[in-house]
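Have the viewer open as you read.

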Amino acid sequence: MSIPVVSDSERKAVRDYYRSPAVRERILDFCGGSDPSCEYWVGFGETLVRRGYLRPIRVVETWDGLQELMADALDLNRSVWDRGATLAVWDVEYFNLDTWDGLYRNQNEYFGLMEPTYRAIENLFRSYSLPHLNDSTASGYHFVSRIPFSSPVHARLERIGTLERSLLDKYAFVPGGDNKRKRAVSERDGRGYSAVGRLTEFLCHRVIEKAREKSELSITISDTARGRGPRGREGMNLDITQYGDPLFMRTIRTSFSTHQKHKVYVGKVSLETARALPFFAAVPRGRLSYRDLFEIRRDLREAARYARTAQSSVPDGAAGWGKILDDYLASPLYAFHREFDSVEIDSPHRWGETYWKTDLGALPACGAGALRNPAWGLLVPTSIQTVCRVLMSRGWHPKHIGGLIYSHYTRNHDWGIDWTKYHAETRANFWARVYCGLIATGIDTLDDFNCVSHTEKGFCPSPWCGHNLSECRDALLKRL
């Protein structure tokens with residue numbers, strides 16, 4: 001039984017907030033206007049925890065359903081899948097593998113730590129003349145724009161978007177009983193989504209290059225660990241992991257939703273923090289300082305007043321994304337992607353003689369352990385990054401690293417993931433492409449690819465295992 005952390009007065013304050021006409025109008029603007037273009041909405045929150053939901057989410061498809069989510073004082077998320085455009089969504093946030101308590105208790109301090117990355121992204125978008133929303137959460141920002149299907153830029157995106165045959169088959173299938181997938185996903189939609197994922201990966205590389213010397217936080221794609229510091233194992237997460245999943249599965253928090261993760265994931269903060277801190281509001285930063293933004297985010301009444309003048313419609317960014325596409329096509333990352341896509345993985349009937357015959361005894365314990373315990377090792381980003389580094393140092397082609405990961409995803413382990421909804425091959429290729437791409441382009445300097453650093457991260461399962469990651473690093477550098 002859950003311990004209540006939300007009082008009746010707090011729940012009433014959220015309901016009152018959502019009753020504000022300006023707040024409702026801004027939420028609808030984010031979803032496409034009075035005739036919303038998103039496929040569905042998802043509510044998340046402590047109310048559902050109290051009701052015994054194993055996962056505190058509820059999916060609805062109508063305006064009436066959305067109003068019920070508001071009445072239940074839930075956070076509001078809309079589908080990334082849209083009827084009129086491909087949404088370009090980039091989630092950028094502070095992470096800490098040890099605790100969220102400091103982040104939630106000291107918002108201004110931690111948003112100050114995020115500021116170099118935020119500034120690098122805003123400057124990058126400005127250089128491309130790319131209009132966008134910069135919605136805030138309690139842990140970072142969502143940068144959102146759209147590319148209409150009718151735009152010539154979208155046709156260009158469709159030419160570079162890459163879908164596995166198995167994913168095309170999944171997109172074409174409507175299983176019934178799945179309220180996130182009431183119709184087939186068109187190849188146009190799927191390719192646009194895939195392309196935006198690759199372009200955002202390219203932007204991640206540029207942000208890491210521009211911001212890492214100015215940032216106190218390490219900047220990574222997903223939450224790969226660095227050594228533990230005074231605040232724990234922390235970093236800045238350029239989170240593009242949504243692009244490793246099917247389009248129909250992913251959502252984004254709406255502008256002017258509440259934010260209550262600290263009320264649900266109490267173990268990540270503390271019971272005291274969960275009870276003491278208010279519901280936050282997720283609002284656009286616009287041209288505000290992060291300190292002025294905080295004064296609005298922490299007070300739902302102030303957020304409702306801000307809603308009267310703020311803009312929350314997702315802007316048409318097609319022209320800007322066209323410029324990004326031009327730079328991407330001339331980049332080392334695009335060359336790597338072309339090489340990655342050109343290789344076919346081994347057929348499943350051969351896996352018993354190829355991928356599953358990998359000599360784990362010849363690998364360092366950290367790499368071998370991830371493959372011996374894949375239900376942990378092939379789901380945790382730091383561990384996956386290690387597998388990619390180790391196998392690349394042994395001469396494995398990045399696509400076959402993806403094939404190896406995929407082959408394990410198909411085995412009968414306690415994954416905690418419904419692969420009939422998510423997609424094993426796409427997820428595996430995503431991880432291999434992203435982490436091997438960072439290495440191939442030199443963005444991953446491999447400075448932490450050594451046993452001391454890996455131990456400091458808390459990911460060395462067997463000290464003195466007989467292997468030296470520094471030697472793997474040297475071998476990998478010689479191959480590049």
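## An aromatic cluster and its surroundings

Trp-90, Phe-111, Tyr-118, Phe-125, Tyr-141 and Phe-143 come together as one aromatic cluster. For pairing, rings of Phe, Tyr and Trp (its six-membered ring) need centres within 6.5 Å; planes under 30 degrees apart count as stacked, over 60 as edge-to-face and the rest as tilted. Elsewhere, Arg-411 lies over the face of Trp-356, with 4.0 Å to the ring centre.

A word on the ground rules: this is a predicted model, in which local features need pLDDT of at least 70 and side-chain atom pairs count only at pLDDT 80 or more, while totals for chains, interfaces and linings use all residues. Residues are numbered from 1 along each chain as its sequence is written, and side-chain values use heavy atoms, with hydrogens and water left out.

## Two ways for rings to meet

In the whole structure, a search finds 29 aromatic pairs. Among them, Trp-415 and Trp-419 are edge-to-face, at 6.4 Å centre to centre and with 75 degrees between the planes. Trp-431 and Tyr-435 have ring centres 5.7 Å apart and planes at 10 degrees, so this pair is stacked.

What separates Trp-431 and Tyr-435 along their helix? They are four residues apart in helix α20 (residues 424-440), which means about one helical turn lies between them. Helices (H or I, at least four residues) and strands (E, at least two) are DSSP runs, numbered from the N terminus. Both Trp-431 and Tyr-435 are buried, and both Trp-415 and Trp-419 are buried as well. Buried means under 20% relative accessible area, exposed over 50%, and partly exposed in between (1.4 Å probe, protein chains only).

## A cavity and a pocket

The structure holds two cavities of 30 Å³ or more, and the largest cavity has a volume of about 50 Å³. Its lining includes Trp-90, Phe-125 and Phe-143, which also belong to the aromatic cluster. Other lining residues include His-132, Tyr-243 and Trp-321. Strands β4 (85-96) and β6 (140-148) are the elements that give two or more residues to this lining.

Of its 27 lining residues, Ser-218, Ile-219, Thr-220, Arg-226 and Asp-447 lie nearest its centre. Elements giving two or more residues to the lining are β7 (219-220), α18 (381-393) and α20.

On a 1 Å grid over the protein atoms alone, a cavity is a set of points where a 1.4 Å probe fits but cannot get out, and a pocket is an open set with protein on both sides within 12 Å along at least five of seven lines; lining residues have an atom within 4 Å of a point. Grid points are joined across faces, edges and corners, and a volume is the space filled by probe spheres set on the points.

Glu-234 is in strand β8 (residues 234-239) and counts as buried because its relative accessibility is 13%. Its side chain makes polar contacts of 2.7 Å with the side chain of Tyr-94 and, also at 2.7 Å, with that of Arg-231. A polar contact is a pair of N or O atoms within 3.5 Å; within protein, one must be able to donate a hydrogen and the other to accept it, and residues adjacent in sequence count only if both atoms are side-chain atoms. Not counting residues up to four places away in sequence, Glu-234 touches Tyr-94, Phe-95, Asn-96, Tyr-110, Leu-217 and Ser-218, where contact means heavy atoms within 4.5 Å.

His-423 sits in the loop between α19 (398-409) and α20, and its 7% relative accessibility makes it buried. Apart from neighbours within four places in sequence, His-423 contacts residues including Ser-166, Lys-170 and Pro-246. The side chains of His-423 and Lys-170 are joined by a polar contact of 3.4 Å.

## Two positive phi values

Most residues other than glycine have a negative phi, and most peptide bonds are trans. Phe-256 is not a glycine, yet its phi is positive at about 70 degrees. Phe-256 lies in the loop between β9 (251-253) and β10 (257-259) and, at 0% relative accessibility, is buried. Ser-129 also has a positive phi, near 50 degrees, and its place is in the loop between α6 (107-127) and β5 (133-136).

Technical notes: Lys NZ or Arg CZ within 6 Å of the ring centre and 35° of its normal.
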